[in-house]
Amino acid sequence: MEVIQEAQELHAQMTSLHLSGDEAVYILHPRQIIAFQGDSANREDRFMDIAGMYRKRKFIQSRISGPSCVMLGLPNGYCLKTLHITEGSDLLFEWKHILFYTEGIHVERRVQTLKNVLITKEIVKMKFHADDGLLGILSNGPLYSLQLHPEQPTYVNIGCLVAYPENATLKPCVYGNSIASQNMNVQWEITGTGHVLLQTNINDRQLEHDLEGDGLVKRIMRETIPFGGIFIR
């Protein structure tokens, strides 16, 4: 399968998947399909296996077989990164970050602990392995790989973690002194071997206010006066 990424405009991104007659791909976000070239019978939608793990949520995936071409639109600010999957792959993903995977990849479910479910609002992680396959990963901003240490913890903003090794240990926490810990999102404290995958765009409303010309005095008052963030706009 050939993957072609195009960015004709700054805020318009599109990816094309070209499949030959003996190839097939599963698309986990079918609504991102903006065009399809091929026989109508080459697209078959079905419910995903993980649907039974969620209440009142039905997940549909599309199986696209060749010969065909499918064009996928990417949300503004999002990037697509392809990752080769082999038998030794041990990364765990949330389903929402997977745009597609090629046929022949085996998908396994990993149910999270109750503590992690309460934090991430996701019950199941997905693990992929195959002799040779291709995974399409969606991330908010460019995707970055960071090496873990088996003893020295790595602290990662929960909203930035896309994938982590199955053998890694994760603990929700904050770090730094009292001021730092009170002014940060919940973090994952991660130890283990291998790499984590991080999305690098962070939506910081405070920074947006500052860039739009919000004054320094207003910011100081918001952060020092009790409930300043509510009453001072």
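Ground rules come before the tour. Residues are numbered from 1 along each chain as its sequence is written, and side-chain values use heavy atoms, with hydrogens and water left out. Since this is a prediction, local features need pLDDT of at least 70 and side-chain atom pairs count only at pLDDT 80 or more, while totals for chains, interfaces and linings use all residues.

Start with the aromatics. How many aromatic pairs does a search of the whole structure find? Four. A pair here means rings of Phe, Tyr or Trp (its six-membered ring) with centres within 6.5 Å; planes under 30 degrees apart are stacked, over 60 edge-to-face, the rest tilted. Take F93 and F128. They sit edge-to-face, 6.0 Å centre to centre, with 65° between the planes. The pair links distant parts of the chain: F93 is in β9 (residues 91-93) and F128 in β12 (residues 124-129), 35 residues apart. Strands, by the way, are DSSP E runs of at least two residues, and helices are H or I runs of at least four, numbered from the N terminus.

Next, Y101 and F128. That pair is tilted, at 5.6 Å centre to centre and 55° between the planes. Again distant parts of the chain are linked: Y101 belongs to β10 (residues 98-102), F128 to β12, and 27 residues separate them.

F93 has 1% relative accessibility, so F93 counts as buried. F128 is buried too, with a relative accessible area of 1%. Y101 has 8%, so Y101 is buried. Ring pairs join Y26, F93, Y101 and F128 into a cluster.

Now the sheet. Three strands form an open, antiparallel sheet in the order β15-β18-β17. Strands count as paired if DSSP finds at least two bridges between them. The edges are β15 (154-157) and β17 (169-173), each pairing on one side only. Neighbouring strands are turned by 30° against each other on average, direction ignored. Those angles use axes fitted to C-alpha atoms, for helices over the stretch in contact, and run from 0 to 180 degrees between N-to-C directions. β15 pairs with β18 (residues 187-191) over four bridges, antiparallel. N157 stands opposite Q187 in β18.

On to the second largest pocket. It is lined by 26 residues, and Y78, K96, H97, G159 and Q199 lie nearest its centre. A pocket is an open set of points on a 1 Å grid over the protein atoms alone, where a 1.4 Å probe fits, with protein on both sides within 12 Å along at least five of seven lines; lining residues have an atom within 4 Å of a point. Which strand gives the most to the lining? β16, with three residues. β13 (133-140) and β16 (161-165) each supply at least two.

Last stop, a backbone detail. A cis peptide bond joins G66 and P67, with omega about 0°. P67 lies in the loop between β6 (60-65) and β7 (68-74).

Note on methods: Buried means under 20% relative accessible area, exposed over 50%, partly exposed in between (1.4 Å probe, protein chains only).
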